[in-house]
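Subject: Structure handover

Hello,

Here is the structure I promised to pass on. Please open it and keep it beside you while you read my notes.

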Amino acid sequence: MKKIEAIIKPFKLDDVKTALNQIGIAGMTITEVKGFGRQRGHKEVYRGTEYQVDLVPKLHLAIVVDGALVGQVIDTIRQAAHTGKIGDGKIFVTSVEQAVRIRTGETGMEAV
């Protein structure tokens with residue numbers, strides 16, 4: 001099992017969810033986060049005064065899939081979240097040793 005974590009722009013969430021649903025991925029965890037990468041935030045103007053916004057709002061998606069689906073899920077997220085502009089996000093893949101469904105006690109991929 002692999003855990004795919006993606007940091008994306010908030011307005012791309014519906015596109016990513018729809019694309020993942022089309023390839024059969026239904027379960028995911030979504031968290032609102034703030035952070036910065038190479039863009040180092042951005043400047044905004046409020047009542048004529050310019051100020052620096054250091055932490056940019058993003059969404060963190062976490063999806064656990066069978067190892068055979070990793071490439072397809074990565075490609076799907078990348079295509080759906082892509083705008084071509086700085087700050088599109090990142091995708092990380094890590095191994096998951098075990099999963100347990102609390103309600104039923106199922107383990108492994110059956111729990112996911």
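First, a term you will need: a residue is called exposed when its relative accessible area is over 50%, buried when it is under 20%, and partly exposed in between. Please also keep in mind that this is a predicted model.

**Helix α1**

Start with α1, which covers residues 13-22. Which of its residues are exposed? They are D14, N21 and Q22, and they sit on the face turned away from the buried side of α1. The buried residues of α1 are L13, V16, A19 and L20. Seen down the axis of α1, these buried residues fall within an arc of 135°, so they line one face of the helix. What do the buried residues of α1 pack against? They pack against β1, β2, β5 and α2. Just after α1 comes G24, with a positive phi of about 95°.

**Helix α2**

Now move to α2, residues 70-81.

In α2, the buried residues are V70, V73, T76, I77, A80 and A81. Down the axis of α2, the buried residues lie within an arc of 135°, so they too line one face of their helix. On the other side of α2, R78 and Q79 are exposed. The cover over the buried residues of α2 includes β1, α1, β5 and β6.

**The nonpolar core**

In soluble globular proteins, nonpolar side chains tend to be buried together. Here, the largest nonpolar core has 17 residues. Which residues have the most contacts inside this core? They are I8, V16, L20, V65, V73 and I77. Four elements, β1, α1, β5 and α2, each supply at least two residues of the core. The most comes from α2, which gives five residues.

Take V73 as an example. Not counting residues up to four places away in sequence, V73 touches I4, L20, I23, I25 and V65.

**The strands**

Next, find β5, residues 56-65. Is β5 largely enclosed or largely open? Eight of its ten residues are buried, so β5 is largely enclosed by the rest of the structure.

Two strands pair with β5. Look for L61 in β5. A6 stands opposite L61, and L61 is also the bridge partner of I30.

Then look at K90, in strand β6. Leaving aside neighbours within four places in sequence, K90 is in contact with E5, A6 and I7. K90 and H60 are 30 residues apart in sequence, and their C-alpha atoms are 9.6 Å apart in space.

**Salt bridges**

How many salt bridges does a search of the whole structure find? It finds three.

- K9 and D88: the closest N and O atoms are 3.7 Å apart. This pair links distant parts of the chain, 79 residues apart. K9 is in the loop between β1 and α1, while D88 is in the loop between α2 and β6. Both K9 and D88 are buried.
- D15 and K12: the closest N and O atoms are 3.0 Å apart. D15 has a relative accessible area of 37%, so D15 is partly exposed. K12 has a relative accessibility of 11%, so K12 counts as buried.
- E106 and R101: the closest N and O atoms are 2.9 Å apart. E106 is partly exposed at 32% relative accessible area, and R101 is partly exposed at 26%.

Best wishes

Methods:
Residues are numbered from 1 along each chain as its sequence is written. This is a predicted model: local features need pLDDT of at least 70, side-chain atom pairs count only at pLDDT 80 or more; totals for chains, interfaces and linings use all residues. Side-chain values use heavy atoms; hydrogens and water are left out. A salt bridge is a side-chain nitrogen of Lys or Arg within 4 Å of a carboxyl oxygen of Asp or Glu. Buried means under 20% relative accessible area, exposed over 50%, partly exposed in between (1.4 Å probe, protein chains only). The arc is that of the directions from the helix axis to the C-beta atoms. Contact means heavy atoms within 4.5 Å. A nonpolar core is a set of buried Ala, Val, Leu, Ile, Met, Phe, Trp, Tyr and Cys residues joined through side-chain atoms within 4.5 Å. Two strands pair if DSSP finds at least two bridges between them.
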